[in-house]
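Grab a pencil and work through these exercises with the model open beside you. Each task comes with its solution, taken step by step.

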Amino acid sequence: MKKTIASLFVLLCCVGTANAADVLIPEDMELNDMPKDARAIVKESFSIHEGENSFYNGYFIDRESDGALKFQKGDVCKLGRLKPWSGIASQYVICERGSVSIRLKKKVYTAGAFHTESGGVFELVSIETYEGMDNSIVSDLLLAKITTAVKANNYEEALPHFARLEKMGTPLPESFYYYYIQALAKSNQKLAAKTRATGYLTKYGKKGRYYAETIALLAEL
């Protein structure tokens with residue numbers, strides 16, 4: 001399986017691949033009617049600090065976890081429950097880095113209202129879960145998505161698939177880490193790219209296949 005994944009990464013340099021993207025949730029869909037595979041994708045990195053209520057682009061995001069939370073562009077989050085109260089509601093968003101709630105103030109509890117009240121920080125999509133599918137096939141599908149996005153210079157679109165593939169625990173080739181760094185850098189996530197580039201150099205050193213490329217990329221960040 002690792003050989004198959006490595007072969008797919010070769011496609012980033014050679015040919016294109018066709019593959020369907022995750023589907024945006026219609027703006028008029030009620031939050032209570034979200035499909036089971038609905039996810040909130042972080043579109044802009046943001047932080048929430050301990051003991052503070054944070055405003056992002058003028059829209060309220062309520063702190064739900066202690067400590068400073070840093071959410072990165074491309075993070076894939078699950079939707080928690082919608083909790084109505086006193087004429088407004090809170091939509092809970094459960095991410096690996098912590099949970100937040102988006103306050104909906106106008107008694108309109110739709111995907112569009114969620115997007116507006118989050119200041120565009122989150123985007124709701126129907127993400128393919130591949131339930132019951134063998135992990136090796138899921139890995140190949142995610143790699144195909146990454147290949148399609150990167151070949152089209154849609155690096156930001158590739159980030160959720162990089163993150164999802166890494167979390168699967170499947171053995172990954174060295175090229176995966178380099179192209180993940182490249183995608184982060186091209187998406188203007190400089191801090192995350194620097195952190196991963198440093199990690200790559202620490203792990204692979206001068207013998208790394210992408211040593212020169214990583215040094216050059218790090219120098220530009």
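**Exercise 1. Work out what share of the contacts in the protein joins residues at least 24 apart.**

Step 1: count a contact when heavy atoms lie within 4.5 Å. Step 2: keep the pairs at least 6 apart in sequence; 61% of those join residues at least 24 apart. Before going on, note that this is a predicted model, where local features need pLDDT of at least 70, side-chain atom pairs count only at pLDDT 80 or more, and totals for chains, interfaces and linings use all residues. Numbering runs from 1 along each chain as its sequence is written, and side-chain values use heavy atoms, with hydrogens and water left out.

**Exercise 2. Find the residues that touch the most other members of the largest nonpolar core.**

Step 1: gather buried Ala, Val, Leu, Ile, Met, Phe, Trp, Tyr and Cys residues joined through side-chain atoms within 4.5 Å, where buried means under 20% relative accessible area with a 1.4 Å probe, protein chains only. Step 2: the largest such set has 28 residues, and Val150, Phe162, Leu165, Phe176, Tyr180 and Leu184 touch the most other members. Step 3: trace them to helices (DSSP runs of H or I, at least four residues, numbered from the N terminus). At least two core residues come from each of α3 (135–151), α4 (155–167), α5 (174–186) and α6 (190–204), with α5 giving the most, seven.

**Exercise 3. Compare the span of α3 with the expected one.**

Step 1: the expected span is 1.5 Å times one less than the number of residues. Step 2: α3 has 17 residues and covers 24 Å from first C-alpha to last, close to the expected 24 Å. Step 3: look just past the end of α3, where Asn153 has a positive phi of about 65°.

**Exercise 4. Name the residues closest to the centre of the largest pocket.**

Step 1: on a 1 Å grid over the protein atoms alone, a pocket is an open set of points where a 1.4 Å probe fits, with protein on both sides within 12 Å along at least five of seven lines; lining residues have an atom within 4 Å of a point. Step 2: of 18 lining residues, Arg39, Val76, Lys78, Arg164 and Lys167 are closest to the centre. Step 3: α4 supplies the largest share of the lining, four residues.

Definitions and conventions
Buried < 20%, exposed > 50% of the residue type's maximum accessible area, 1.4 Å probe, protein only.
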